[in-house]
Amino acid sequence: MRQTTIWQGVMGNPQLLEGALSNTAVKLSAMVGQSFHLDALSVQTIPLGQLPRLLGAPDSEIVGVYLQIAGALHGQALLIFGLDDAQHFAHVLLDSTPNDHFQLDELECSALAELGNLMLSAFLNTTAVLIGAQLRPSPPAVMVDMVGAILEVMATSVAEVSDHLLVIDTLFTNPRQSLRVRFWVLPDPAELPLAA
Amino acid sequence: VVTNVRPVGIGEIIVSREPLDSLVIYGLGSCVAVCLYEPSLRLGGMLHALLPSATTASASTMLPAKYVDQGIPLLLEAMRREGAKRSNVVASLCGGAQILSATSFRDLLTIGARNVLAAEESLRRLGLPIQRQETGGRSGRTVMLMVGNGELRIKALAESTLELA
């Protein structure tokens with residue numbers, strides 16, 4: 001009989017996922033100083049070929065904060081911002097004034113990277129307590145590029161062992177400010193019994 | 001001219017001889033786009049490959065064209081089934097950018113360059129000359145092959161369209 005993996009246990013427990021992501025919303029709200037809600041949570045299995053079109057036009061420009069998960073579980077995470085939202089988040093975090101043109105400087109990239117680190121850490125900390133194992137995030141990396149190019153980074157890590165990506169897809173929104181950030185967690189398919 | 005745009009997904013091959021078709025990959029990053037064209041037939045094909053070659057861990061796949069070294073022979077075979085003669089086929093190679101720059105993701109940093117090397121090697125082995133090449137760099141591209149005349153259009157992030165006739 002096939003043994004259940006830790007990731008399967010996490011994915012098959014909606015209360016655990018919702019608890020971990022609610023904690024992520026709390027930490028996000030505290031860091032930004034505005035209230036964010038867990039607006040949508042879904043678990044999707046996406047064929048590789050459909051990935052570039054998943055977030056709308058694959059040649060549109062976005063900001064992604066990329067991290068990897070290590071410890072008892074392995075995987076990847078990505079924070080996804082529209083350009084305006086990325087800039088707004090950076091200015092709120094740095095208490096600076098927005099300018100007319102979109103251009104993230106080093107300090108603004110660092111602020112968004114720290115946001116990514118905080119959000120994934122919040123998710124992993126809650127998950128680690130509930131599964132009784134150690135989890136840790138990698139240092140974050142900020143990418144400003146076309147949707148397709150950023151999503152290829154995720155696909156590259158998965159495609160060695162699978163033709164599909166399993167994505168825990170969450171949207172955090174702040175209705176008052178119309179701010180939104182998408183948060184993806186991708187379990188390592190080698191730790192899940194996904195068919196090729 | 002209004003064209004019939006046909007997006008090529010990751011691990012996909014499309015071959016066409018419809019003059020109004022344009023084969024396109026939007027937001028190409030570390031992946032490579034390999035385009036083959038047979039001018040006498042006005043026959044074009046495009047491959048969107050993600051990884052240089054298969055490993056033992058990935059022996060089972062329904063998507064062999066996600067690998068450069070398997071996808072290029074499959075693309076050439078698909079062109080030959082449509083009547084292309086190998087000696088008439090010319091190749092173009094795009095993509096292979098380095099999208100991530102953080103040193104903590106060492107394997108991912110070099111994937112674009114490894115894809116380009118694998119494509120160059122595979123095309124050389126098959127005797128297909130590379131007529132046009134736009135590879136490397138640090139940002140994504142959109143690549144479009146106009147089947148009617150073999151024109152290749154490349155648009156990099158925040159740049160105007162570069163036409164390689």
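**Cavities, pocket and a helix pair**

The lining of the second largest cavity comprises six nonpolar, two polar and one charged residues. Here Ala, Val, Leu, Ile, Met, Phe, Trp, Tyr, Cys and Pro count as nonpolar, Asp, Glu, Lys and Arg as charged, and the others, Gly among them, as polar. The model is predicted, with local features needing pLDDT of at least 70 and side-chain atom pairs pLDDT 80 or more, while totals for chains, interfaces and linings use all residues. Residues are numbered from 1 along each chain as its sequence is written, chains are lettered from A and ligands numbered from 1 in the order in which they are written, and side-chain values use heavy atoms, without hydrogens and water.

The second largest cavity has a volume of about 30 Å³. Its lining is formed by B:C35, B:L36, B:Y37, B:V90, B:A91, B:S92, B:R132, B:L145 and B:G150. Helices (H or I, at least four residues) and strands (E, at least two) are DSSP runs, numbered from the N terminus.

In total, the structure holds two cavities of 30 Å³ or more. On a 1 Å grid over the protein atoms alone, a cavity is a set of points where a 1.4 Å probe fits but cannot get out; a pocket is an open set with protein on both sides within 12 Å along at least five of seven lines; lining residues have an atom within 4 Å of a point. Grid points are joined across faces, edges and corners, and a volume is the space filled by probe spheres set on the points.

The largest cavity has a volume of about 50 Å³. Residues of both chains line the largest cavity, including A:E152, A:V153, A:T156, B:L100 and B:L108. Helix α5(A) gives the most to this lining, with three residues. By class, the lining has five nonpolar, three polar and one charged residues.

The largest pocket has a volume of about 530 Å³. Of its 26 lining residues, A:Q68, A:T156, A:S157, B:D107 and B:L108 are the closest to its centre. Eleven of the lining residues are nonpolar, ten polar and five charged.

In chain A, the axes of helices α3 (residues 83-94) and α4 (residues 106-131) come within 9 Å and cross at roughly 90 degrees. Axes are lines fitted to C-alpha atoms, for helices over the stretch in contact, and angles run from 0 to 180 degrees between N-to-C directions. Helix α3(A) is therefore roughly perpendicular to α4(A) (65 to 115 degrees).

Notes
Angles under 35 degrees count as roughly parallel, over 145 as roughly antiparallel, 65 to 115 as roughly perpendicular and the rest as oblique.
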